[in-house]
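Dear colleague,

Please find below the structure that I am handing over to you.

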Amino acid sequence: MSYRITGSTGEWEIVVGLEVHAQVVSEAKLFSGASAEYGGEPNTHVSLVDAGFPGMLPVLNQECVAQAVRTGLGLEAEINLFSRFDRKNYFYADLPTGYQISQFAHPIIGKGKVLVDLADGSTREIGVTRLHLEQDAGKSIHDQDPTRSFIDLNRAGVALMEIVSEPDIRSPEEAGAYLRKLRQILRYIGTCDGNMEEGSMRADVNVSVRKPGETEYRTRCEIKNVNSIRFVMMAIEVEAQRQIEVWEAGGTVDQETRLFDHVRGETRSLRSKEDAHDYRYFPDPDLLPLVIEQSWVDELKAALPELPEAKRLRLEQEYGVSRYESSVLCVEQAIADFYETVARGADARLAANWMLGDFFAALNRTGRSIEDSPVSAEGLRELLGLISDSTINGKIAKEVLEDMVETGDSASAIVERKGLRQVTDTGAIESAIREILAANNDKVEEYRGGKDKLFGFFVGQTMKAMKGKGNPALVNETLKKLLSE
Amino acid sequence: MSLDAKTVTRIARLARIGLQPEEVETLGQDMSSIINWVEQLKEVDVTGVDPMIGTGLAKPRLREDRVTDGNCRDKVLSNAPEREGPFYTVPKVVE
Amino acid sequence: MSGIHDFTLASARDALKARKISAVELTNAHIDAIERLDGQLNSFITRTPDQAREAAKAADETLAKGEGGSLCGIPLGIKDLFCTNGVRTTAASKILGNFVPPYESTVTANLLRDGAVFLGKLNLDEFAMGSANLTSAFGPVENPWKRKDSDAKLVPGGSSGGSAAAVAAGLVLGATGTDTGGSIRQPAAFTGIAGIKPTYGRCSRFGTIAFASSLDQAGPMARNLQDCAILLESMAGFDPRDSTSVDTPIPHYESALKRGVKGLRVGIPKEYHVEGIPAEIEALWQQGMAWLRDAGAEIVEVSLPHTKYGLPTYYIAALAEASSNLARYDGVRFGERVGAPTLDGLYEASRAAGFGEEVKRRILIGTHVLSSGYYDAYYLRAQKVRTLIQQDFLKAFENVDVLLTPTAPSGAFAQDEKPTDPVQMYLNDIFTVPASMAGVPALSVPAGLDARGVPLGLQLIGRFFDEETLIAAGHAIEQAAAFHHRPTIHAGVSA
C-alpha cells in the first residue's frame, strides 16, 4: 500500500533519495599512511599530508579502492575500470588543504541496486546511482571555549564511500529499510562497520513531495548529516510535512540545504552557508586517473563472502526454516554463522526455534552480542542434541540453558550435576503414576466417567512428582494405559 | 569581456582574499586584460580532443594499506600560529 | 686554475677527491663571497653558514677515508621552494612567516645523501610566480651582469632568480631551481649559466612547495652542462611519495657530454619565429643552427602549429591549479595569521596580508577560470588545447631528435623597465612554456652576449626522458660558443 500524507488539498506522495557516507574499513587513510582507526588522542592519527603541509602529496591506498569495488559488487553495480579524483574546493577549518579530494565526474562505481524488505512482507528495489571514494574532513570542537573552536584532524583524510541512491524511496519506512539493508550489505562484505554512533555511517536526505500521479519531481531540499536511521525517518516525515504546508499555502519550496533538529522535531535552513558555495571541481593534478584491471575485479568478486540475500535463500532451502526465520537469522553474518554451526549436526528446525526464542532472549537479558555470546554455538548444539536423543525434555532444556548462561558449564555437565536426565524407565514411571492415581481416586472416577480434561491434571501431577524429568511421551502412554485399566 | 566590481568581489570572496576597494578596481582591470588575452583559445578547434590529465608518463600506483605515518603531533602542531593543548584553534565557528 | 672562485662544480669535485682542496676551505670561500656580495645581489633569503661549515667538516672526514658521494663537499644553494628540515622555508612569501618544515624535500634529501653542503635558501618570485624575481616578499634579486653602457640594475629572470644570480656570481657551485613555465631556463639565459628542466616526473615533487602541480619540475642550475648533469643525476629518481613520479632508471648524465651530435636531427620550429623578436635573438638562433650543423647535426624545419596558444593555455592551467594549491595558506596550521573575530575574517585578512599582488592576481584568475559557468569555456578548453600542444611535440619528435629555439625573447631587462601590463610580462615565457605544457625536457645554455653585453641563451627541447641527447647537443653548443664571459659582480673579481 502506498504511503500518503493527507494535506488540506488532498493526498501527497513523498520522493526521497539518500546519499550515504560510509567510512571505509581500512588500516590507513585514503591518501596517507596515518591510522584510520576511530578515536585516538587528538591530532595523533595525523600525518603532515593530512594536515596539508606545503609540498605534501597524496598517494592512493589500494585497499580503499578494493573496498569500494567489493561494495560495488555487493550492490550489483557497474564497476568503472577508469575513474578519477577531483578536487572540491572550499574553505573550512577542518579541511586543511582547502579542498576535499573526491570523485565528481568519474566515480569508481556506477549504477546498482538494493533490494529492501518491507514490514508487509513485500520487497522493493531501490536504485543506486553511483558510489565514489572521497576523504573525510577533520572535526571542529565548539564547546570547549567561549570564543574559539578547536580543530582535531584525526578524521581528516579517512576514506569514505559516498553511496547515492536514485530518488526511488517513497516512505520513511522504505528509507529505514534501505539504510538497514545497505548497512547489512556493507557489514557482510566488511567494507564499513555501519556504526552510526561513531559516525561511520551518515546520510544526507533529499526530500521532495508531489501529488500522486505527477510525473515530474518538484524542488527538493537536502537535509545534511543525519546520523541515525530513526532520525532519517523522522526527518523525512517532518520535512515532507513542511513542504506540503508551503505548497498548500501557495508558496514554493526553495532548493536548499537544511539541518534536522531532532530535539525540536523540525528542519532548519542552512541557507547562509549555501550561497557562497562554488566548489570549482577539477581533476586533482597530484593524482593519476585510477585505472583498474577487470581481472582484479574478478579476483575480488571470487573472494566476496555470501551476501545477505543469497544467504537468506540458502538457509530456507538448506535448513527448511521459514522466510521470516531466515531473514532474522541473516540480519548479521555472525548470527547466520552461529546458526549454521548449531544447525549442522542438530535438528535444524529445532535450532531455529531455540535461537529465535530462548537463545536471543538470553542474549538480550545479559546485554551480550552474538560475538561475545555466553553460550557458544557448539554448546547450544550439544544442548539441542540432548533434547533430540531424549536425554532431557524441552522444559528441562530451558533450565539447562539458563544455567549455561550463568555458569558457562556445558549442557551435559549441568544435566549430570543436577541429575536432570530424563526418566525413561517404564517401571519407575508406572510406579510414580500408580501413586498419583491412588492418591486421587475421586478424580480417576471422574475421568473414567467422561471428564477427559483431567488427563492434563494427571500429567502435571506425574511430572511434578518426577521433578520434571519424566519422558513426556512415556508418561502420556503409561497414563493412558493405567487409566483405561 | 571586462570583470565588474561585483564579479571581482565574488571571486575574491571564493578565494578568501580580503580586498580593499581600490584593489578591486586595479585587480579587476588586470584580470580583465588577462582574461581577454586568453579568450584567443576560442579560435582553436578542439572537437573530439580529450582534455589532458597529467602527462601520461607515470604508471598508476597504489599504496599498501599499512600505517606508516602519523603519531607526530609535535610536528603537526610545530608551526601552528595559535594552539590550545593538542588542538589548532580558530575563531568560534557558529553552526 | 687560478683561484678558488674559478672552480666549476666538476673541477671542484675532482680537486676535493684528489684532496687538493678541502671542503671546509671551499665552503668558507663561498660563505665569504656571499657575505661580500649578497648584500647587493639579495640572492639568499636565509643563509646557513654554521650548518654549511659543519657539513663541510663532515665531508672532509668522509673524503679523507676515500669515500663520499658525487657531491661530497660541494657548496650549493637551494631555491627557497624546497622544504628543508629545520631550516626556514618561505617560498618568498610573507604568508609562510617563519615556517620551519619538520621534513626534507626528496630532491634536497637526495643532494644531502650525496654529500652536498647547503649554503642557504635562495630568493625567488613569490611562490615561483614571476619572470623577473621582482615579486619576492624579501625584495628583488639583482642580476650580477651589467650592461656595458649603464649601471642600471638588471633582473636575473624568474622565478629561480636567486639561484641564477648566485650561480652566475660564483656564490655557489650549483643550485636547485624549479621550472613551471620557464623558471629555470629563462633566468639561466638571463645570467649566462646553464639550467635543465627535466621531463615531468623525473624529479620528485615531494616536499617542494607547489605552484602548478601538473607542470612543476625541479632541475639543476650551474655554470655549465657538465655541472648540471652531475646535479641532475643526484636530484632525479623515483619517489613513491609522489604519485606523478616516474619509475625509470637514472642514466649517468655526465657521460652524455661526450656523445657528440653527429647525425643528430635538430628541428627548428617555424612558429617560434614570432613577430617582434629582436634581430639579435634571431641571429643567435641562426648561429646556434650553424654550430650544430658544423658539429655534424642535420637541421630540419618542423612545425608546432599550436605554439601561439601555449601561453594562454599555460596561464589558465597553471593558475587554476595554483588557486587550489595555495588554499592551504590560511593562517591556521602554519604561517602568518592575522586575527579576526570570525573564521572567514581570519582567512581573508591573513591571505590579504600574506600574499603579494602578483600572487593574489593569479589566485583570483585561477579561481575565476574554475568557477561555475566558466569551467568549460576556460579550464576544460585549455586542457584540450594542452593535449594538442603535446601532440605537436610528439609528432615533431617522430622526425627529429631535439628542437632548437631561443630561450627568451630578450636579454635581461632593467628592474625599472618591468612592463606594467601583466600580459606583456607573461610574454617572457613564450619560448619556454610549450615544453612545460607537454612535459618534455628542455634546457638552456649560454650562447653569447647581446649588443649591450648581456648574456643570451639557446634552448634545446627533447623527447620524454631523453635528457642525455639534450645534454649532448647542449654541450656541442657550449663548445662552439666558448662562453667564458663573467658578470660584473663575481666572487672572483676583487672589489
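**Helix packing and domains**

In chain A, helix H13 (residues 426-439) packs with helix H16 (residues 472-483) at an angle of about 55°, and their axes are 10 Å apart. Because angles from 65 to 115 degrees count as roughly perpendicular and those under 35 as roughly parallel, H13(A) is oblique to H16(A). The crossing in which H13(A) passes H16(A) is right-handed. On the side of H13(A), the contact is formed by Thr426(A), Ile429(A), Glu430(A), Ile433(A), Arg434(A) and Leu437(A). H16(A) contributes Leu474(A), Val475(A), Thr478(A), Leu479(A) and Leu482(A). By class, the residues of this contact are 7 nonpolar, 2 polar and 2 charged. Please note that the model is predicted.

As for the domains, chain A is divided into domain 1 (5-299), domain 2 (306-418) and domain 3 (426-483). The centres of domain 2 and domain 3 of chain A, taken over C-alpha atoms, are separated by 33 Å. Between these two domains of chain A, 4 residues of domain 2 are in contact with 4 residues of domain 3. The side belonging to domain 2 has 1 nonpolar, 2 polar and 1 charged residues.

An unreviewed UniProt entry annotates residues 337-483 of chain A as "domain: Asn/Gln amidotransferase". Over residues 337-483, chain A is 72% helix and 0% strand, and the end C-alpha atoms lie 48 Å apart.

Finally, the contact between chain A and chain C takes 24 residues from chain A and 32 residues from chain C. The chain A side comprises 15 nonpolar, 5 polar and 4 charged residues.

With kind regards

Note on methods. Residues are numbered from 1 along each chain as its sequence is written. Chains are lettered from A and ligands numbered from 1 in the order in which they are written. This is a predicted model: local features need pLDDT of at least 70, side-chain atom pairs count only at pLDDT 80 or more; totals for chains, interfaces and linings use all residues. UniProt positions are given in the numbering used here, feature names are shortened, and annotations may be inferred rather than shown by experiment. Helices (H or I, at least four residues) and strands (E, at least two) are DSSP runs, numbered from the N terminus. Two residues are in contact if their C-beta atoms, placed from the backbone, lie within 7 Å. Ala, Val, Leu, Ile, Met, Phe, Trp, Tyr, Cys and Pro count as nonpolar, Asp, Glu, Lys and Arg as charged, and the others, Gly among them, as polar. Domain bounds come from an automatic or database domain assignment. Axes are lines fitted to C-alpha atoms, for helices over the stretch in contact, and angles run from 0 to 180 degrees between N-to-C directions. Angles under 35 degrees count as roughly parallel, over 145 as roughly antiparallel, 65 to 115 as roughly perpendicular and the rest as oblique. A crossing is left-handed if the near helix is turned anticlockwise from the far one by less than a right angle, and right-handed if clockwise.
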